[in-house]
Amino acid sequence: MNWFHLVLPVSLSVCAASAATPRLRVSDNQRFLTYEDGRPFFYLADTAWELFHRLGREDSGRYLTKRAEQGFTVIQAVALAEFDGLNEPNAYGQVPLRDNDPLQPNEDYFRHVDWVVQKANSLGLYIGLLPTWGDKWNKKWGIGPEVFTPQNAAAYGEWIGHRYRDAGVIWILGGDRPVENDAQKEIIRAMARGLGRGDGGAHLITFHPTGGSGSSQPFHNDDWLDFNMRQNGHAIEFTGHYDRTGVDYNRVPIKPVLDGEPVYEGHPVSFNARQLGHSLAADIRRAFYWDVFSGACCHTYGHHSVWAMYTPQRKPVNSPLMFWTEAMTEPGAAQVGFGRRLIESRPFLTRVPDDSVLVPSEYPTLIPGAGTRRFVATRDSTGSYAMVYVPVGQIG
């Protein structure tokens, strides 16, 4: 008997669309994300990769409630998690797959995922749902076996797409793995096709790339890729990092772009804490305005202790400074919320990047600036406003 005849009719926990999370689409001008009725949607995400894997319901509810209060609209989380998520059980002793087989998802594990998705949706939060962290063809991050082929990736995609077809989710493929050959590309494309069959095309789909790259590099011309996601990464200089957002903004065909992984708050700068220290709220602010004023439709925040849900019982990864419960109130989270409200306070769907608003100095390293001192500008294409981000007081 066909596997899907066995699995798809199972009673689903997440089966009713939430009025707080209506469907989303790409705007008519292809630059932004909107609700189905055309109202602007600001994707302000928090990065919680290990949410399903490491937190129980009480802590999940606490976390989601706080992020909703802070003005976030999306939570990015992974079904098959990075930290040996296939073999290390969740808070309730469950692993996601039986025998590490994508054709045998564990109903008990996914009931917990259902609960978290439903709780988030009830608070007005969408889940930026990664069906899996990157498969293990590259060992740089995470551990575990390589489990996906084009055939089972399509089947698993259809299964998870069907399960969450009526939930408030945004699909994020990839998971911080390089896509280096046609076989790897076909696994991603097969999973995208499966998702489309499973949810009937109800949800937006993007791709989470490796550091310093974007979804546009392997997949820009693929029809399933609704918007581009970059990982501008954990550096704090504009040039060579956040300026790449503008490159994707200018690609043809036009697609919205956002930074799905800028520098995390409390993260070793460029992975080199000994020489460069840990990032601060000021670094988070710069990344927000550099990205959004350079053409990003929206933005993502992350805290180094929160994405891994770091606790005293967990082995630290890359020198976190505090536990996740403390990190939720770090200032960067509030400051990206202020940024969202600023953008939403002016005409949204006609905003364009435009550094010609800046009057350059005789010394360009002063204005528009260099390193962490780069100025950027945006304006309304109809002329109703302009904004300039000035990261440091300077005299031109």
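How many residues does the largest nonpolar core have, and which of them have the most contacts inside it? The largest nonpolar core has 101 residues, and those with the most contacts inside it are Tyr43, Leu51, Tyr63, Phe110 and Tyr164. This is a predicted model, in which local features need pLDDT of at least 70 and side-chain atom pairs count only at pLDDT 80 or more, while totals for chains, interfaces and linings use all residues. Residues are numbered from 1 along each chain as its sequence is written, and side-chain values use heavy atoms, with hydrogens and water left out.

**Nonpolar core**
- A nonpolar core is a set of buried Ala, Val, Leu, Ile, Met, Phe, Trp, Tyr and Cys residues joined through side-chain atoms within 4.5 Å, where buried means under 20% relative accessible area (1.4 Å probe, protein chains only).
- Leaving aside neighbours within four places in sequence, leucine 51 is in contact (heavy atoms within 4.5 Å) with Ser60, Tyr63, Leu64, Ile75, Ala77, Val116 and Met309.

**Helices H3 and H4**
- H3 (residues 57-69) and H4 (residues 107-122), helices being DSSP runs of H or I with at least four residues, pack at an angle of about 25° with their axes 10 Å apart.
- H3 is therefore roughly parallel to H4, a term for angles under 35 degrees.
- The contact is made by Arg57, Ser60, Gly61, Leu64 and Thr65 of H3 and Arg111, His112, Trp115, Val116, Lys119 and Ala120 of H4.

**Glycine 134**
- Glycine 134 is buried, with a relative accessible area of 2%.
- Apart from neighbours within four places in sequence, glycine 134 is in contact with Gly174, Gly175 and Arg177.
- Glycine 124 lies 10 residues from glycine 134 in sequence and 28 Å from it in space, C-alpha to C-alpha.

Key
Axes are lines fitted to C-alpha atoms, for helices over the stretch in contact, and angles run from 0 to 180 degrees between N-to-C directions. Helices (H or I, at least four residues) and strands (E, at least two) are DSSP runs, numbered from the N terminus. Angles under 35 degrees count as roughly parallel, over 145 as roughly antiparallel, 65 to 115 as roughly perpendicular and the rest as oblique. Buried means under 20% relative accessible area, exposed over 50%, partly exposed in between (1.4 Å probe, protein chains only).
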